[in-house]
Amino acid sequence: MAERITPEQLEIGDNLKVVYPGGEIKFFTITSTDDIFYRDEHDELAPGSTESYTEVSALNPPTGQLYWIGRIEFDANVKLYIKQPAATNRFGTNRSPEGGVLSDSAFQILEGRKVNIWIAEDYPPNVQIKNDSGATIKPVIWWIGKRFAVVEIKMPSVYKTVRIGGISD
């Protein structure tokens, strides 16, 4: 039985099989790693307002990098919806794809919501924020995870598989 490894345990020299939306597969070797603590400040939202879906451009890695987000925190009483790729709802089900929502009422401040989001170039997340509170708020989202520098390789004999954009049909 192979040892199960988490993204936090990936190291320089580990090989990855990356499955992209649509089924394309590429293989990479990790050449360096770093942490991500990205603060994503949004415009004020009036009570009962919903922000349009917007791309989180800062989470669109350059060629030769992959991002993994393992936790999302936010400091306002909002509902957060995520799409990745841009047309694919995350955290819902096939019967209720738009039912997947992250809400600050589901976790304590500084604890965050654990997630598993792999991001490759041209596949950043898109977010929508809904303010159901009775006050105007200025939401801030914290994206917490890892950044991996990678080089493309031929198929190795040993690798870990990751999927960009979650489950696909």
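How many aromatic pairs does a search of the whole structure find? The search finds 3. Two of them are described below, after the overall picture. Keep in mind that this is a predicted model.

1. **The fold in outline.** The chain has 10 strands and 0 helices. Read from the N terminus on, its elements run β-β-β-β-β-β-β-β-β-β. Of the 169 residues, 42% count as buried. The chain exposes about 9,600 Å². Carbon and sulfur atoms supply 46% of that area.

2. **The largest core.** In soluble globular proteins, nonpolar side chains tend to be buried together. Here the largest nonpolar core has 20 residues. Those with the most contacts inside it are Ile-69, Ile-72, Leu-80, Ile-117, Ile-141 and Trp-143. Which elements give two or more residues to this core? They are strand E4 (65-74), strand E5 (79-83), E7, E8 and E9. E4 gives the most, with 4 residues.

3. **An edge-to-face pair.** A pair of aromatic rings is described by the distance of the centres and the angle of the planes. For Phe-27 and Tyr-159, the centres are 5.3 Å apart and the planes stand at 70°. The cut-off for edge-to-face is over 60 degrees, so this pair is edge-to-face. Phe-27 belongs to strand E2 (residues 25-41). Tyr-159 is in the loop between E9 and strand E10 (160-163). The two are 132 residues apart, and the pair links distant parts of the chain. Are these two residues buried or exposed? Phe-27 is buried, because its relative accessible area is 11% and the limit for buried is under 20%. Tyr-159, at 29%, is partly exposed.

4. Trp-118 sits in strand E7 and Phe-148 in strand E9, 30 residues apart. This pair, too, links distant parts of the chain. Trp-118 and Phe-148 are both buried.

5. **Charges over rings.** Lys-83 lies over the face of Tyr-53, 4.7 Å from the ring centre. Tyr-53 is in the loop between E2 and E3. With 29% relative accessibility, Tyr-53 counts as partly exposed. In sequence, Tyr-53 and Lys-83 are 30 residues apart. In space, their C-alpha atoms are 8.3 Å apart.

6. **Ser-133, a buried loop residue.** Where is Ser-133 found? Look in the loop between strand E8 (126-130) and strand E9 (140-153). Why does Ser-133 count as buried? Its relative accessibility is 16%, and buried means under 20%. The side chain of Ser-133 makes a polar contact of 2.6 Å with the side chain of Asn-131. A polar atom of the Ser-133 side chain also lies 3.1 Å from the backbone oxygen of Ala-135. Leaving out residues up to four places away in sequence, Ser-133 touches Pro-47, Gly-48 and Asn-77.

7. **Thr-63, an exposed loop residue.** Thr-63 has its place in the loop between strand E3 (54-55) and E4. At 66% relative accessibility, Thr-63 counts as exposed. Its side chain makes a polar contact of 2.8 Å with the side chain of Glu-121. Thr-63 and Val-151 are 88 residues apart in sequence. Their C-alpha atoms are 9.3 Å apart in space.

8. **A backbone angle to check.** Asp-122 has a positive phi of about 75°, although it is not a glycine. Asp-122 lies in the loop between strand E7 (113-119) and E8. With a relative accessible area of 57%, Asp-122 is exposed.

Methods:
Residues are numbered from 1 along each chain as its sequence is written. This is a predicted model: local features need pLDDT of at least 70, side-chain atom pairs count only at pLDDT 80 or more; totals for chains, interfaces and linings use all residues. Side-chain values use heavy atoms; hydrogens and water are left out. Buried means under 20% relative accessible area, exposed over 50%, partly exposed in between (1.4 Å probe, protein chains only). A polar contact is a pair of N or O atoms within 3.5 Å; within protein, one must be able to donate a hydrogen and the other to accept it, and residues adjacent in sequence count only if both atoms are side-chain atoms. Contact means heavy atoms within 4.5 Å. A nonpolar core is a set of buried Ala, Val, Leu, Ile, Met, Phe, Trp, Tyr and Cys residues joined through side-chain atoms within 4.5 Å. Rings of Phe, Tyr and Trp (its six-membered ring) pair if their centres lie within 6.5 Å; planes under 30 degrees apart count as stacked, over 60 as edge-to-face and the rest as tilted. A charge sits over a ring if NZ of Lys or CZ of Arg is within 6 Å of the ring centre and within 35 degrees of the ring normal. Accessible areas come from the Shrake-Rupley method with a 1.4 Å probe; for residues, only the protein chains shown count as cover.
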